[in-house]
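Open the model in your viewer and show it as a cartoon. This tour makes a few stops; select as you go.

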Amino acid sequence: MTGAAGEVLSEVRGRMGMITLNRAKALNALSLGMVRDLLATLLAWQKDEQVLAVAIRGMGKEGVFGAFCAGGDIRFLHGAGSTGNPQLEDFFTEEYALNHLIHTFGKPYIAFMDGIVMGGGMGISQGGTMRIVTERTKMAMPETAIGLFPDVGGGYFLSRCPGHAGEWLALTGDVIGAADALDFGLADGYLPSDQQPALWDALAAGSFADAAAVEALVKSKFTAPAKPAAQPRAEIDRVFALPTVAAMVQALEAADGEWAQHTAATLRKRSPLMLHVVLEQIRRARGMTLAQDLRMERDMVRHCFYLRPGQSETIEGIRALAVDKDHHPRWNPARIEDVQDAQWRAFFDSPWPAHSHPLAALD
């Protein structure tokens, strides 16, 4: 079964459902068509007794693997958000439903998280039961750089990282590698990239008695990462436990050391308004179920495009990064210290009554 112009390739081989994201030129960024194909395929396989487990990988420019998924199609989001295309609403509702399905799938879901795994790529992997990273993995939730927030369940899975790593990852959007992904609970095992094809083929060819046998095979291939975890956990926890974004930046700018100065400079480049929104998102999500978090994020993303007509931080952020490519977004407010509480609090007011929420059915 193939999907949007062949952008999602899916087949049942033996007892395995095998999915390849096949949009290499766009680093497998998710289109609405791809989201719909993935959702339809997984719903069918969830009920299919022949399918014991699912494996998913990306297609790189040189062939399979090499890039998992760079996120959602931000050019589509910019165009749709700028012109009032109703498919913008469909995209987020259906993408978040897909994220929820993966977390609650009920069968092993094996994500080969090679190369770039960012944004929406995290959304289709973090709910997996076996999240495999390699020495080429570049993992991040970089949404504050485009005036957005770590959605696709980011509030849920980042808030469950140890200490205050979730706040750090969500606010800065910094990229981490395999060892840190394992250290932060965002991956389950390490596999050298040159061993991925053999494992993929073994899954497809195996005659498994049950789902546990599938997982046992995958676990048997895990090894220790080539490079150790590199992030300063104590510093992250000290700074990102502070109560406000302004306090964090102040502490970083007052500190010595390359990490503190780099982190302060990064935060100064991000959307000041969305930094405040994101800090609240992560801290609220710690006490939420996945479904509650996704409903909150659906409210938030509606506001990202429509709360301030003509002043969307998201449309401006994407314009600067991917459309005009001037890399000089005109954030409003322009400084972290200028954001008023009422401005970020408005993102947490739901546009819908509970019974009519687009994701009311999630549990």
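**Stop 1: α2 and α15**

α2 passes α15 in a left-handed crossing. The model is predicted. Select residues 74-83 for helix α2 and residues 313-323 for helix α15. Their axes come within 10 Å and cross at roughly 135°. That angle makes α2 oblique to α15.

Now show side chains. On the α2 side, pick Ile74, Arg75, Leu77, His78, Gly81 and Ser82. They meet Ile315, Ile318, Arg319, Leu321, Ala322 and Val323 of α15. Colour this contact by residue class: seven are nonpolar, three polar and two charged.

**Stop 2: α8 and α9**

Move on to residues 196-205, helix α8, and residues 211-220, helix α9. How far apart are the axes of α8 and α9? The distance is 11 Å, and the packing angle is about 165°. Angles over 145 degrees count as roughly antiparallel, so α8 and α9 are roughly antiparallel to each other. The crossing of α8 and α9 is right-handed.

Select the contact residues next. α8 supplies Leu199, Ala202 and Leu203. α9 supplies Val214, Leu217 and Val218. By class, this contact of α8 with α9 has six nonpolar residues, no polar and no charged.

**Stop 3: the annotated domain**

Zoom out and select residues 16-348. UniProt lists this range as "domain: Enoyl-CoA hydratase/isomerase", in an unreviewed entry. Over residues 16-348 the chain is 49% helix and 10% strand. Finish by picking the end C-alpha atoms of that range: they are 41 Å apart.

Notes
Residues are numbered from 1 along each chain as its sequence is written. This is a predicted model: local features need pLDDT of at least 70, side-chain atom pairs count only at pLDDT 80 or more; totals for chains, interfaces and linings use all residues. Side-chain values use heavy atoms; hydrogens and water are left out. Axes are lines fitted to C-alpha atoms, for helices over the stretch in contact, and angles run from 0 to 180 degrees between N-to-C directions. Helices (H or I, at least four residues) and strands (E, at least two) are DSSP runs, numbered from the N terminus. Angles under 35 degrees count as roughly parallel, over 145 as roughly antiparallel, 65 to 115 as roughly perpendicular and the rest as oblique. A crossing is left-handed if the near helix is turned anticlockwise from the far one by less than a right angle, and right-handed if clockwise. Contact means heavy atoms within 4.5 Å. Ala, Val, Leu, Ile, Met, Phe, Trp, Tyr, Cys and Pro count as nonpolar, Asp, Glu, Lys and Arg as charged, and the others, Gly among them, as polar. UniProt positions are given in the numbering used here, feature names are shortened, and annotations may be inferred rather than shown by experiment.
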